[in-house]
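Take each task on your own before reading its solution.

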Amino acid sequence: MSTGGKVAVAGVVAAIVLFATVGFWAGLLVLIGVSTVAYFMLDSSQRRRLRGVSRKQIGR
């Protein structure tokens, strides 16, 4: 399994555990908040590269 696949599986498992322990809406808020904070912690060059990669993956 690739590294990306392992990260995806770990994310799904973490989400299920989080939803089961604190409830759906609180868990969803935590998951969105962690993703947002991680994005804003990147340098501007890293954000630019990340946006470029996501555009290439959707076929633009």
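**Exercise 1.** Work out how H1 and H2 are oriented to each other.

Solution. H1 and H2 are oblique to each other, a class left for angles that are not under 35 degrees (roughly parallel), over 145 (roughly antiparallel) or 65 to 115 (roughly perpendicular). To get there, take the axes of H1 and helix H2 (residues 24-40), which cross at roughly 135° and come within 7 Å. These axes are lines fitted to C-alpha atoms over the stretch in contact, with angles from 0 to 180 degrees between N-to-C directions. The crossing is right-handed, that is, the near helix is turned clockwise from the far one by less than a right angle.

A word on the source: this is a predicted model, where local features need pLDDT of at least 70, side-chain atom pairs count only at pLDDT 80 or more, and totals for chains, interfaces and linings use all residues. Residues are numbered from 1 along each chain as its sequence is written, and side-chain values use heavy atoms, without hydrogens and water.

**Exercise 2.** Find which residues of H1 and H2 meet.

Solution. On H1, look at Ala15, Leu18, Phe19 and Val22; their partners in H2 include Phe24, Leu28 and Leu31 (contact: heavy atoms within 4.5 Å).

**Exercise 3.** What follows H1?

Solution. Gly23 does, with a positive phi near 100°.

Definitions and conventions: Helix = DSSP H or I, 4+ residues; strand = E, 2+ residues; numbered from the N terminus.
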